[in-house]
Amino acid sequence: MSAAAQPANTKAKYASTPAVSSAVLAHATTPLPLEILRFKESERQLHWAVAVPFIICYATALVLVTVYNPAPTRAFRAVFSWTHRLSGACLFLLPLWTVLRHRHDFDVHFHNVRTVWRWRIEDIKWLFLTGLSIVNKRVVLPDQGKFNAGEKLNFMFLTASYPLFLVTGFLIWLPGVAFASWILHLSLAALATPLILGHIFMATVNPDTRVGLQGMISGYVNRRWAQHHYRLWYNDVFGHLHRPPPEVKPAPKPSLITMPVVAPPAAVHAVASPPVAERAESIVHDVNSNHVVAFKHKSENDLHVISWPPAKQPAPVGQVVAETE
């Protein structure tokens with residue numbers, strides 16, 4: 001739902017909703033969106049795959065019971081009868097096709113069913129207080145999850161009665177069990193009537209909840225509205241938007257260790273040298289390596305090299321080396 005399509009009073013209406021502090025909002029990891037995703041495409045398609053055939057079945061059954069049962073010979077009875085039967089077949093085929101088409105989201109549907117059958121004490125309180133909250137705005141309803149208690153009741157009845165509707169609707173076509181199946185079929189429809197009417201009223205008429213109908217059309221709803229009506233679900237799914245980002249700690253400075261001072265060798269292997277008068281040697285200072293190299297002529301064509309200090313020198317006194325991990 002675009003910003004232009006939202007109700008004009010949305011911002012003012014939920015301005016009193018307990019909000020997070022400005023300091024937290026200032027440090028939000030991402031800019032807070034105007035709308036958030038409430039239902040995935042597979043959830044929306046499954047909802048309408050059940051809702052549309054069921055409403056057609058309900059409407060045609062209502063016409064058949066109130067108009068044609070007292071006078072079966074009236075015109076167009078067959079039209080309503082076959083429309084009812086075909087929509088009943090669609091009530092079985094369309095949801096099955098939707099689930100198979102979006103089989104990668106099967107866990108989502110299973111989680112939704114498991115959620116509506118799991119009740120908490122807050123759900124019971126919500127049922128008792130929801131009527132008072134309509135006439136008295138000071139009544140605060142308990143926080144709800146993805147579905148409130150009213151939606152849970154409607155969903156529970158659907159999951160429990162759905163197979164019964166299909167089985168009894170099929171048995172009505174068979175002789176011998178048609179009447180008993182018709183009675184049970186009609187009783188289930190009577191029990192569903194207040195739930196259906198209440199669901200339609202809350203989704204299309206009640207100004208406080210009809211904002212959520214957009215969630216079953218585009219999938220997106222107003223963020224503040226969702227936070228107000230489904231706070232527990234909002235905190236679980238979108239609570240990270242309000243958390244400050246983790247502190248970025250500076251890189252630790254490299255710790256320094258002092259290399260132990262290694263004493264040079266105590267002595268150098270002495271090289272027997274002839275008397276001074278007989279020595280023929282030259283001393284060369286290597287300025288690149290600071291080595292003192294002595295070349296001793298052992299013979300005319302032979303040089304013996306004596307080098308000190310060794311090529312691999314110990315670390316100088318006081319040298320520090322960065323510790324690596």
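Predicted model: local features only at pLDDT ≥ 70, side-chain atom pairs only at ≥ 80, totals over all residues.
Q: How is the length of a helix checked, and what span should α4 have?
A: The expected span is 1.5 Å times one less than the number of residues. Helix α4 covers residues 77-101, and its 25 residues should span 36 Å. The C-alpha atoms at its ends are 35 Å apart, which agrees with that expectation.

Q: Where does α4 bend, and by about how many degrees?
A: The bend is located at Cys-90 and amounts to about 25 degrees. Cys-90 itself is partly exposed, its relative accessible area being 32%.

Q: Which residues of α4 are buried?
A: An α-helix has 3.6 residues a turn, so residues three or four places apart point the same way. In α4 the buried residues are Ser-81, His-84, Ser-87, Leu-91, Pro-95 and Thr-98. Their cover includes α3 (41-68), α7 (149-171) and α8 (178-204).

Q: How many salt bridges does a search of the whole structure find?
A: The criterion is a side-chain nitrogen of Lys or Arg within 4 Å of a carboxyl oxygen of Asp or Glu. The search finds six salt bridges.

Q: Which parts of the chain does the pair of Lys-40 and Asp-105 link?
A: The two side chains meet with an N to O distance of 3.0 Å. Lys-40 belongs to the loop between β1 (35-37) and α3, and Asp-105 to the loop between α4 and α5 (106-116), so that distant parts of the chain, 65 residues apart, are linked. Lys-40 is partly exposed at 35% relative accessible area, whereas Asp-105 is buried at 8%.

Q: Is Glu-43, in its salt bridge with Lys-146, buried or exposed?
A: Glu-43 is buried, with a relative accessible area of 7%, and Lys-146 likewise counts as buried, at 14%. Their side chains meet at 2.7 Å, N to O. Because Lys-146 lies in the loop between α6 (121-135) and α7 while Glu-43 lies in helix α3, the bridge ties together parts that are 103 residues apart in sequence.

Q: What is the distance between the closest N and O atoms of Asp-143 and Arg-231?
A: That distance is 3.7 Å, and the pair forms a salt bridge. Asp-143 lies in the loop between α6 and α7 and Arg-231 in helix α10 (residues 231-238), so parts 88 residues apart in sequence are tied together. Asp-143 is partly exposed at 35% relative accessible area; Arg-231 counts as buried at 15%.

Q: Which residues are linked in a network of salt bridges?
A: The network links Arg-120, Glu-122, Asp-123 and Lys-152. Of these, Glu-122 is placed in helix α6 and is partly exposed, with a relative accessible area of 28%. Leaving aside residues up to four places away in sequence, Glu-122 touches Pro-142, Asp-143 and Gln-144. Glu-122 and Asn-148 are 26 residues apart in sequence, and their C-alpha atoms are 9.6 Å apart in space.

Q: What is the phi of Phe-76, and where is this residue found?
A: Most residues other than glycine have a negative phi. Phe-76, although not a glycine, has a positive phi of about 70 degrees. Phe-76 is found in the loop between α3 and α4 and is exposed, with a relative accessible area of 63%.

Definitions and conventions. Residues numbered from 1 in each chain as written. Heavy atoms only, no water. Buried < 20%, exposed > 50% of the residue type's maximum accessible area, 1.4 Å probe, protein only. Helix = DSSP H or I, 4+ residues; strand = E, 2+ residues; numbered from the N terminus. Bend = angle between axes of the 7 residues up to and from the residue. Contact = heavy atoms within 4.5 Å.
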